[in-house]
Amino acid sequence: MILQHLTLTNFKNYQSLDADFSPRINCITGDNGEGKTNILDAIYYLSFCKSFFTGLDSQNIRHGEQFFIVQGQYDSDGQSEEIYCGFEPGKRKRFKRNKKEYDRFADHIGLIPLVMVSPTDINLIIGGSDDRRKFMDGIISQFDREYLLKYQEYTRILAQRNHLLKETPQTWQIDDSILQIYDSQLSEAGQYIYQKRKEFVSGIEPIFQKYFEAISRGKEKVSLEYQTTLDEKPLEQQLTENRAIDMATRYTNFGIHKDDLEFGMSGMPIKRLGSQGQQKTYLVAMKLAQFEYIDGLCGRKPVLLLDDIFDKLDQTRVEQIVNIVSQSNFGQIFITDTSTQRIDSILQKFGSDHYHYNLKDNRLTLM
Ligand SMILES: Nc1ncnc2c1ncn2[C@@H]1O[C@H](COP(=O)(O)OP(=O)(O)OP(=O)(O)O)[C@@H](O)[C@H]1O
Ligand SMILES: [Mg+2]
């Protein structure tokens, strides 16, 4: 899927914006606060029916206006696809494909695969395990409806089990037979999720290593491992054996809600040991791996959004990244940067088909 044309109406800082894009590399340069990231967020909307940054659609309406519209004209192997997203507070968000409105947003997600690399993604490296589980779940569930259903089921049963543990007065005996039912249901959904996460990590790990090696030119050794207690024993057995702990802590201590991804460098967590540039390299390599993994799964190249990715990276790594994404296994790419000169000099080096826009006063000008 190639975004050929984007139209914004009252979206964030744009009263109206019309832009044509290259099927390959699109660079948007401009000073801080000009609205580069906002353009990427609009493109994100067209893939995921929501903002990358906020769950509150109303925050994306231009201050003082009543609604926003984001429209994209895509090319899908020679066929045109028109995607429309409109929002007005008090009414439901409307999402259309070729003028036909979707009943459920879930039916749209996956049609235009997209990978965003944003400065806020650094939380994947330095944040809590929750961020890393979300990363896995987000990718797997985009293309595996069964996973999403099992995940929702697991979350529901876990909440019920935790409620029972928490709300039963200390002096009361918790009914073992009820716990037994929860354990068996949790286990059924949990084992499925575990299996899929395991497949995901073993599928993405070698791709990640390849990109990390290419960007860092082999300067650091890194690792990526799935951490879960389900490797040791089936979940149902763990829940039964540790029931006393759960009763004492009034919480479910075992299960896939405790899983994590271990990001290592030279045998230590990169969270602690890595410099900012090394952490950023790790992140970008993960995202490029995500790109290739999704491409392999659905046979469509995701749109790749690289927001401010050059910050903290040295010249060699920056050039390696642009070199990688300008090769033919990548598709349409959007890169933002504050430095017009930096972008110009990189594009001259890797001169693949590109547009370079400068953004000033809400207007895009081709350089
Ligand atoms: N709902 C809104 N209405 C009007 N303006 C908005 C709205 N939401 C955000 N903005 C404006 O958009 C601007 C920020 O845009 P954006 O984050 O895209 O900038 P940027 O070019 O990516 O900057 P940087 O280089 O600092 O990352 C801010 O000036 C902000 O006030
Ligand atoms: Mg920005």
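This is a predicted model: local features need pLDDT of at least 70, side-chain atom pairs count only at pLDDT 80 or more; totals for chains, interfaces and linings use all residues.
Residues are numbered from 1 along each chain as its sequence is written, and chains are lettered from A and ligands numbered from 1 in the order in which they are written.

The protein is divided into domain 1 (1-113 + 300-367) and domain 2 (128-297), with bounds that come from an automatic or database domain assignment. The C-alpha centres of domain 1 and domain 2 are 30 Å apart, and 16 residues from domain 1 and 16 residues from domain 2 take part in the contact, two residues being in contact if their C-beta atoms, placed from the backbone, lie within 7 Å. On the side of domain 1 that touches domain 2, helix 10 (residues 315-325) gives the most, with five residues; helices (H or I, at least four residues) and strands (E, at least two) are DSSP runs, numbered from the N terminus. That side of domain 1 comprises eight nonpolar, three polar and five charged residues, where Ala, Val, Leu, Ile, Met, Phe, Trp, Tyr, Cys and Pro count as nonpolar, Asp, Glu, Lys and Arg as charged, and the others, Gly among them, as polar.

An open sheet of six strands, in the order 2-1-4-5-6-7, shows antiparallel pairing, two strands being paired if DSSP finds at least two bridges between them. Strand 2 (14-20) and strand 7 (100-101) form the edges, each pairing on one side only. Seven bridges join strand 1 (residues 2-11) to strand 4 (residues 68-76) in the antiparallel sense, and Leu8 has Val70 of strand 4 as its bridge partner.

The axes of helix 4 (residues 145-167) and helix 5 (residues 176-216) come within 9 Å and cross at roughly 145°, axes being lines fitted to C-alpha atoms, for helices over the stretch in contact, with angles running from 0 to 180 degrees between N-to-C directions. Residues of helix 4 including Tyr147, Tyr151 and Leu158 meet a set in helix 5 that includes Ile178, Leu186 and Ile193, and the contact as a whole divides into twelve nonpolar, three polar and four charged residues.

Around ligand 1 there are 17 residues, of which Asn13, Asn32, Lys36, Thr37 and Asn38 come nearest, a residue being near if its C-beta atom, placed from the backbone, lies within 6 Å. This shell contains one nonpolar, eleven polar and five charged residues.
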